[in-house]
Amino acid sequence: MNIFKEMVLSVYSFKSYKEFLKNKKIKVFGFGLMLMLLYFLIAYAVPFVVSQIGPSNLTKLIEEEVPEFELTDGTLWVDDVIEYEMNDQYIYIDTDPYYVFYGAEEMKQYLVDYRQAFLLDSEKIIAKSNGEVVELYYEDLGWEFSKEKLIGWVPYIYIFMAMLYAFVFVWITALFFFGVLFVALFGMIIASCMKVKLTFGQLYLLGIYSRTLPLLIKAILSLLNIRVPFTLSLIINLGLSLLYLGLAMQKMKEQLPQQPLQYTSENGNNNPTWMQ
């Protein structure tokens, strides 16, 4: 049975979970990777690709939203005054050469209400973070920069974003396999209550398959940009997976109510019975 067929069966066919126990570990691992790849494509890759082929791609976004600016010979010029304030964050940019901020020590009293703040004038940056206020002069940086150069960096920005997305995929995949541990632990409680004898390894294997529908739901919600409360998210992630495990165990009991079922391992040896 191929992985894609198993993915479909894991959503609606609870009797198939008995067959999943016969899979080799490498195949189960491959199923988990493919499931996470599908989730990643729907939740992350598709929205990004769509945004880049539309009118809001990065180059057009910079051209339309970023004001003209130039940093040369230690002097910054921006063709507009920019002010942004939200909650405890504040940004103010004014590069009029006749209007410069006081030094960091003098500006502390003006930034007391903000957790983070950035003030930019023609000669320096004043930044506040974690209670500290520091200043940095452009001439000490030795940078030459402009809006045109920023647009020229777009290909490199895409390369960086591709690397970042690759890291995100590895990270969420690792979290997926780690999270299945909790599904298997709670699954042991369910198995005990239902008097179904399954090893932790077998419950972990079934837990991977039980994550198919929850991950697809999460991916679709993310694609549609629908935020859900933490409690509902927990129900989707853990509750639905445990429900699938319970229904799969019940189907196993219904299939063979009178006789124990032997599970044959990869090397042909019979493991102890896992169902009473």
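Q: In what sense do β4 and strand β5 pair, and over how many bridges?
A: β4 and β5 (residues 116-120) pair in the parallel sense, over 5 bridges. Strands count as paired if DSSP finds at least two bridges between them. The strands (E, at least two residues) and the helices (H or I, at least four) are DSSP runs, numbered from the N terminus.

Q: What kind of model is this?
A: This is a predicted model, in which local features need pLDDT of at least 70, side-chain atom pairs count only at pLDDT 80 or more, and totals for chains, interfaces and linings use all residues. Residues are numbered from 1 along each chain as its sequence is written, and side-chain values use heavy atoms, with hydrogens and water left out.

Q: Back to β5: which residues there stand opposite Q89 and Y92?
A: Q89 stands opposite Q116 in β5, and Y92 stands opposite L119 in that strand.

Q: And what stands opposite Q89 in the hairpin of β3 and β4?
A: That residue is M86. Strand β3 (residues 82-86) and strand β4 (residues 89-93) run antiparallel and are joined by 5 bridges. Their hairpin has 2 residues between the strands, and N87 takes a positive phi near 55° there.

Q: How many residues lie between β5 and β6 in their hairpin?
A: There are 3 residues between β5 and β6. β6 covers residues 124-129 and pairs with β5 in the antiparallel sense over 5 bridges.

Q: In what order do the strands of the mixed sheet come?
A: The order is β3-β4-β5-β6-β7, an open sheet of 5 strands with mixed pairing. β3 and β7 (132-137) are at the edges with a single partner strand each, so one side of each has no neighbour in the sheet. On average, neighbouring strands of this sheet are turned by 10° against each other, direction ignored.

Q: What about the sheet of 3 strands, what is its order?
A: That open sheet has the order β2-β1-β8, with antiparallel pairing. Its edges are β2 (75-78) and β8 (145-146); each has a single partner strand, so one side of each is left without a neighbour in the sheet. Strand β1 (residues 69-72) pairs with β2 in the antiparallel sense over 4 bridges, and T72 stands opposite T75 in β2.

Q: Changing topic to helices: at what angle do α4 and α8 cross?
A: The axes of α4 (residues 58-65) and α8 (residues 154-193) cross at roughly 125° and come within 10 Å. Axes are lines fitted to C-alpha atoms, for helices over the stretch in contact, and angles run from 0 to 180 degrees between N-to-C directions. The two helices are therefore oblique to each other; angles under 35 degrees count as roughly parallel, over 145 as roughly antiparallel, 65 to 115 as roughly perpendicular and the rest as oblique.

Q: Which residues meet in α4 and α8?
A: L58, T59 and I62 in α4 meet V154, I157 and Y158 in α8, where contact means heavy atoms within 4.5 Å. By class, this contact has 5 nonpolar, 1 polar and no charged residues. Ala, Val, Leu, Ile, Met, Phe, Trp, Tyr, Cys and Pro count as nonpolar, Asp, Glu, Lys and Arg as charged, and the others, Gly among them, as polar.

Q: How do α9 and α11 cross?
A: The axes of α9 (residues 200-210) and α11 (residues 230-255) cross at roughly 120° and come within 9 Å. L203, L206, G207 and S210 in α9 meet S241, Y244, L245, M249 and M252 in α11. The residues of that contact divide into 6 nonpolar, 3 polar and no charged.

Q: Is S210 buried or exposed?
A: S210 is buried, with a relative accessible area of 1%; buried means under 20%, exposed over 50% and partly exposed in between, using a 1.4 Å probe and protein chains only. Leaving aside neighbours within four places in sequence, S210 is in contact with Y17, V183, S241, Y244 and L245.

Q: And where is M1?
A: M1 is in the segment before α1 (3-12). With a relative accessible area of 46%, M1 is partly exposed. Not counting residues up to four places away in sequence, M1 touches E6, L9, F20 and K27.

Q: How far apart in space are M1 and I126?
A: M1 and I126 are 62 Å apart, C-alpha to C-alpha, and 125 residues apart in sequence.
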